[in-house]
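Reader: I am new to this structure. Please take me through one part of it closely, and then show me how that part sits among the rest.

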Amino acid sequence: MEVFQKMIDARGLTNKNTIITYKNQFKKLIDLMDDDKFYEASEKKLKEAFEKSDLSARAKYNLINLVIMIKKQLDYKTDDLDAFRKSLQKQISEDTTDKLKTLDLPDYDDYFSKFDKSFAESKPQKYIVNKLIQMFGFRNLDLLLTIIKLNGRKKLPNDNINYMVVRKDRIELVISNYKTSKTHGVKYLTFTKKENPILFKTINKYYNDGNRFLLQKRNGEQIAIKSLSKTVDALTYALGTGKLFKMIVKNLREEGKLNELKSMGESRGTNINTIISNYNMNDDS
């Protein structure tokens, strides 16, 4: 494992989960090649081993990535493996496109069209949750929002809490506790009363009715983390944020709205390249 550790040190990797993932992949490569010095095998031999294996294209892609990193660390040639990795990327894109096309999801317009003014008045919490997901592609944790009203330049009382800040003419979302926060940092999102008057009015009324958390229990307390998934599912007709995001991406992709996809990636905290690889916006067929 000396070569492995040198690669980790050279790349300055410190995240424990990332290192564990690479270590497990390193062991899989040893098993695949039946050789604890698999990285010394020729590119041709490595490629043949991958082609004969029954691993998925994505699993092969991840393992090839590690092989290339180690070979480059040792100043070994990787041109053929780079080309093989590109072919795997294309296959992954084709596979994910097929899955997206056959995924049993509601029609985008059919689902979101029901969230109109009358819906907002009768079911404000459900309306707010679904509109935030539609606008920003939120995950579950993003929705764990504390609602406060602030005037002027008053600072937020706690840096580790997700806030929905109600201002005179806009709503500000300050989200520091979410899945990819270590990579993307605090998210600052906003929309104005003019841009979305119904949502703005609904949030104001929801707050004025005494609600201090978006996901709130009957006793006025915020729901527990362990109840988060169940609560969001109930508010999204058992679809959850994951399926809704797929539905949103599918709609934007079909309409060719690449800029909106980039914006959605930023507000969700997902690299645009990850969205491209998972949902294949670049369909060349």
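Author: Lysine 187 is buried, with a relative accessible area of 4%. The cut-off for buried is under 20%, so a residue at 4% falls on the buried side. This is a predicted model.

What does lysine 187 pair with in a salt bridge? The partner is aspartate 142. Their side chains meet at 2.8 Å, N to O. The pair links distant parts of the chain. Aspartate 142 sits in the loop between helix H8 (124-136) and strand S1 (146-149). Lysine 187 belongs to strand S4 (residues 187-192).

Is aspartate 142 buried or exposed? Aspartate 142 is buried, at a relative accessible area of 0%.

Aspartate 82 forms a salt bridge with arginine 85. Their closest N and O atoms are 3.2 Å apart. Both residues lie in helix H5 (residues 79-102). They are three residues apart, about one turn of the helix. Aspartate 82 counts as buried, with 18% relative accessibility.

Another helix holds a further pair. Glutamate 254 and lysine 250 meet through their side chains in a salt bridge of 3.0 Å, N to O. They are four residues apart in helix H12 (residues 240-254), which means that about one helical turn separates them. How accessible is glutamate 254? Its relative accessibility is 52%, so glutamate 254 counts as exposed. Lysine 250 is at 24% and counts as partly exposed.

Salt bridges also form a network here. Arg167, Asp169, Arg170 and Glu172 are linked in this way. The structure holds twelve salt bridges.

Now the whole chain. The protein chain has 14 helices and four strands. Of its 285 residues, 44% are buried. Consider contacts between residues at least 6 apart in sequence: 57% of them join residues at least 24 apart.

The C-alpha atoms fill a box of roughly 70 × 40 × 30 Å along the principal axes. The accessible surface comes to about 16600 Å². Carbon and sulfur atoms account for 46% of that surface. The chain carries 53 positive and 38 negative charges.

Conventions:
Residues are numbered from 1 along each chain as its sequence is written. This is a predicted model: local features need pLDDT of at least 70, side-chain atom pairs count only at pLDDT 80 or more; totals for chains, interfaces and linings use all residues. Side-chain values use heavy atoms; hydrogens and water are left out. Helices (H or I, at least four residues) and strands (E, at least two) are DSSP runs, numbered from the N terminus. Buried means under 20% relative accessible area, exposed over 50%, partly exposed in between (1.4 Å probe, protein chains only). Contact means heavy atoms within 4.5 Å. Accessible areas come from the Shrake-Rupley method with a 1.4 Å probe; for residues, only the protein chains shown count as cover. Lys and Arg count as positive and Asp and Glu as negative; His and the chain ends are not counted. The place of a charge is taken as NZ of Lys, CZ of Arg, CG of Asp or CD of Glu. A salt bridge is a side-chain nitrogen of Lys or Arg within 4 Å of a carboxyl oxygen of Asp or Glu.
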